[in-house]
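Here are my notes for a first look at this model. Please read them with the structure open.

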Amino acid sequence: MKSTLKKLLPFAVVGVISGATTVGGLQYLNHDSNSADQSYFTKASNVSFAGMNSAAVGDDFVKAAKTTVPAVVTIKNYQSRTTSRASEQDMLDFFFGDPFGGRGGQQRQKQQQTPDNMPSGMGSGVIISPDGYIISNNHVVAGANKLEVVLSNKKSYIATLIGTDPNTDISLLKIEEKGLPYLNFANSDNIEVGQWVLAVGNPLGLNSTVTAGIVSAKGRGIGILGSQGKAANPIESFIQTDAAINPGNSGGALVNTNGDLIGINSAIQSTTGYYQGYGFAVPANLARKIVEDIKKFGIVQRGFLGVTSLDLSDDQMVAAYNKQKKTNYKAGSGILVTGFGESSGAEDAGLKTGDIITNIDGTPITDFADLSMSVGSKRPGDKVVVTYQRNGKDATTTVTLKDQKGGTATRTKADLSVTEKIGADFQSIDDKTKAYYGLNSGVVAKNVIEGGEMAKAGIVDGYIITEINGKPVNSQKDIESILNKFSGTVQVKYMDDYGRGYQRGFTMP
């Protein structure tokens, strides 16, 4: 026995010394764990990131939760599903997958029979001003003919939809109230991978739910807005987090441990439609720019370089491009310029096909998510410094960004064309198609924008519009002529792809 104890004694001593060293090291590390997070609207105090000390973690989370919960609301989306197609996929599925294990079609069929006094869907929103402005996701409010906002204290309001942006999945609502609790936007450029964050929202009908995690990645593009939403020019540079997010969290807050808003929760990556590890939030800097545009101009001001491009970080896309164009580009980092649009600011600034964009305004451009964030968060007329490689050598030029029509000035709703105002384009149909459906007139709707006036009237891509305000239409020019300078209620006659006719209306914006 004594011999055994003598053999074990050195190990016991080493264990005691190791334990003491570890505790001392942790105390040393925790001694200086503060860093600043600058808010846009208020001067933020120093923020303590949660370290190994469990008491400090708890204190930080409690403070953030107390600040955030009163400013996060439930949004109930009421809409008529009488004109919805049974095959049309729910917006919930777009951002959270099909949670019904292949039975989503049956579930959507049941949802189409939802009574008018029951919401068709629910999500979250964040109060961002004491006078009732609320930020949420576009897909939370899409298709609504009524939006109800319920505060954490159960007080209810009918909200006005101020505007939406499918390209970033952001929407802005307003309720008539004063003195509301609200969150400040933080500078989301300052967040770090590994930083503690809280997700606050109303998942699965569980109001005011708080979950914690870390920032898992930044600048993440997952292709969801372009492939599954209604975004023509998506901007994806999501904050990725492992804080639990589920259906109903959409539009809710992602905050730092000071309770400042660093992102708007939008989607999860999941095979079941429920939380499996990763959620994605629109960065606060981008979200703030979008709501400022909507509030000030009524529409989003979007600047473009005016290039077609190839993401060199995507080896499969590079291989496919090389095969199709018989080129020999190597996968790596940066954006290859493959062409230019009309009135391109980039071409005016001297960029050429084959140049590789590597940096914009001092920010490295490694993939398309970096490019879309760096450029898409700016307005027409803004200037950006672009660094690019040509024949293996670096060069720099200054590009003046333009809108899609080649303009450099900001626009308001009054400057929009008729089709931009009503949220759709229209394509003429041939006489054979007209004869098949027994029509004397008609145009096919395309590029119908979620939340636009045509979408609110129940029209989706592929539906045929036969009359506007009692007049037959056979071209987009006909619609523009009828509605140019028109104010009041617009009457629309249209036919779905089963040949069923409808008459609906909307107020000309």
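1. Start with lysine 174. Lysine 174 is buried, at a relative accessible area of 11%. Here buried means under 20% relative accessible area, exposed over 50%, and partly exposed in between, using a 1.4 Å probe and protein chains only. Lysine 174 forms a salt bridge with glutamate 176, with their closest N and O atoms 3.6 Å apart. A salt bridge needs a side-chain nitrogen of Lys or Arg within 4 Å of a carboxyl oxygen of Asp or Glu. Glutamate 176 is exposed, at 63%.

2. A word on the basis. This is a predicted model, where local features need pLDDT of at least 70, side-chain atom pairs count only at pLDDT 80 or more, and totals for chains, interfaces and linings use all residues. Residues are numbered from 1 along each chain as its sequence is written, and side-chain values use heavy atoms, with hydrogens and water left out.

3. Next, the other salt bridges. The count comes to 12. One of them joins glutamate 177 to lysine 155, at 3.3 Å from N to O. Glutamate 177 sits in the loop between β8 (170-174) and β9 (196-201), and lysine 155 in the loop between β6 (146-150) and β7 (156-165), so the pair ties together parts 22 residues apart in sequence. Helices (H or I, at least four residues) and strands (E, at least two) are DSSP runs, numbered from the N terminus. Glutamate 177 is partly exposed at 24% relative accessibility. Lysine 155 is partly exposed too, at 44%.

4. Look also at glutamate 467 and lysine 493. Their side chains meet in a salt bridge of 3.9 Å, N to O. Glutamate 467 is in strand β23 (residues 464-468) and lysine 493 in strand β25 (residues 489-495), 26 residues apart. A network of salt bridges links Lys289, Asp293 and Arg379.

5. The largest nonpolar core has 35 residues; Val126, Ile128, Ile135, Ile170, Phe185, Leu261 and Ile264 touch the most other members. Helix α7 (residues 284-297) gives the most to this core, with 6 residues. A second, separate core of 24 residues includes Ile422, Val448, Ile479 and Val492. A nonpolar core is a set of buried Ala, Val, Leu, Ile, Met, Phe, Trp, Tyr and Cys residues joined through side-chain atoms within 4.5 Å.

6. Finally, two backbone points. Lysine 326 is not a glycine, yet has a positive phi of about 55°. Lysine 326 lies in the loop between α8 (315-325) and β16 (335-340). Asparagine 391 has a positive phi near 55°, and is found in the loop between β19 (383-390) and β20 (393-400). Lysine 326 is exposed at 75% relative accessibility, and asparagine 391 is exposed at 76%.
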